[in-house]
Structure formats: C-alpha cells, structure tokens
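The following exercises concern a single protein chain. Please examine its sequence and structure before turning to the worked solutions.

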Amino acid sequence: MRLCLFLLLALLALALPARAQFEGSIGGDLPEAVVAWTASVRPPATAGADTGSFQRGDLAFVTFTAEVAPGWRLYSLDSPGGRPLQIALDGLPSGVRLEGQPSEDDPRDGFDETLRESYRYHAGRVRVWQALRIGPQTPRGTYDVSARLRYAACNDAVCLPPREAPLRATLVVD
C-alpha cells in the first residue's frame, strides 16, 4: 500500500514539471490566446452597400475572422495534412439555408519535414465564410446564427490539441 502511494506521489511530482515545460514551450500563452475568433454577417463583396440587414432572397455571408498570434499558424479548410478547419452552423433561422461550401482567404502552402506531408495554413489575420440564402418565406426579425469552428494551431515547436470555438453572429431580415 505504501509503495502504491509512493509511486502515485512520484508520478504527480513528475507531471507538474512536464506541464510547466509545455506551457513554457508555447511562450506562456494559453491556447485561447493563440487564436481569437469573431463572427459577423456581411453582404457579398458585390453589394452596393455594407448593410447589417438583408431582404428576402438576399445572399449573406456569415464571416469568421481569426487573429492568429505571431509565430503560429492555423490549418486551412482544405489542408491535406494536420487538422483542417471545420465549420458547423447550428440552428439556422426558418427559411435560411446554406449555399455552397465554406470558403477562405488564400492559404499558404507548407511542408512538415517530420511527418513528410504537405499542409495548407493561415497566419496573421484569417477570414473564412459560409454563404446563406435568405428564403422568400423567411420571417422578418433579428436572429442569432450559431456556429462551432474546430481548428488546430501550431508553431515551429508544438501543435496544440484541436480546439472548438463557439461563435454567434446576428442576422437581421427586413
């Protein structure tokens, strides 16, 4: 019994320096500080005005913007390696539907020498979006559009475990 207790305490003592070493390897940043997300609903780039409200039949884009800490990278939507970015929209308002596939700013290409695989990534400011079509029967009103983004971030020394960011944007239908 004493031997088991001693082994348990020894394992705990070894685990604490390992955690401190991991936190030190990412510059003391917590994972939330590496990637900061915001969400908004925007008109298409071809729209005449940048409005916060939409009419029935309009195309709107729920847009997610990430600020990635210097020295870090975020895998792209179509990265063949790593953990590609994933977008899930939850509970769209009645009459609003997804249109097409998610899109993103142009990613960069990279190669992981250790894993011997290519990957696509973003650094700095990143924008990804999903088109929404506001149907002809969509009731007028203000709606929350909820989303979950699953992503992975790496620097040259470490990759953080995949994270999930719950986000919310406002859609106004006039």
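This is a predicted model: local features need pLDDT of at least 70, side-chain atom pairs count only at pLDDT 80 or more; totals for chains, interfaces and linings use all residues.

Residues are numbered from 1 along each chain as its sequence is written, and side-chain values use heavy atoms, with hydrogens and water left out.

**Exercise 1. Overall description**

Determine which secondary-structure elements the chain has, and in what pattern they follow one another.

Solution. Step one is to list the elements as DSSP runs, numbered from the N terminus: helices are H or I with at least four residues, strands are E with at least two. The protein chain has two helices and 12 strands. Step two is to read along the sequence, which gives α-α-β-β-β-β-β-β-β-β-β-β-β-β. Step three turns to contacts, defined as heavy atoms within 4.5 Å. Among contacts with a separation of 6 or more, 74% are between residues 24 or more positions apart. Step four is the surface, computed by the Shrake-Rupley method with a 1.4 Å probe, where for residues only the protein chains shown count as cover. The chain exposes about 10500 Å², and carbon and sulfur atoms supply 54% of this area.

**Exercise 2. The nonpolar cores**

Identify which residues touch the most other members of the largest nonpolar core.

Solution. First, a nonpolar core is a set of buried Ala, Val, Leu, Ile, Met, Phe, Trp, Tyr and Cys residues joined through side-chain atoms within 4.5 Å. In the largest one, of 34 residues, Val35, Trp37, Phe64, Leu149 and Leu171 touch the most other members. Next, at least two residues of this core come from each of strands E1 (35-42), E3 (59-68), E5, E9, E10 (141-151) and E12 (163-173). Another core, of five residues, lies apart from it and includes Tyr75, Tyr121, Ala152 and Cys154. Finally, not counting residues up to four places away in sequence, Val35 touches Ala66, Glu67, Val68, Leu74, Tyr151 and Ala153.

**Exercise 3. Salt bridges**

State how many salt bridges the count comes to, and locate the partners of selected pairs.

Solution. The criterion is a side-chain nitrogen of Lys or Arg within 4 Å of a carboxyl oxygen of Asp or Glu. By this rule there are 10 salt bridges.

- Asp78 pairs with Arg120, the closest N and O atoms being 3.0 Å apart. Asp78 lies in the loop between E4 (73-75) and E5 (86-90), and Arg120, 42 residues apart from it, in E8 (117-122). Asp78 is partly exposed at 43%, as is Arg120 at 23%.
- Arg133 pairs with Glu99, again with closest N and O atoms 3.0 Å apart. This pair links E9 (125-134) to E6 (96-104), across 34 residues. Arg133 has 23% relative accessibility and Glu99 has 26%.
- Arg116 pairs with Glu113 at 3.8 Å, and both residues are exposed. Salt bridges that share partners join Asp78, Asp109 and Arg120 into one network.

How values were computed:
Buried means under 20% relative accessible area, exposed over 50%, partly exposed in between (1.4 Å probe, protein chains only).
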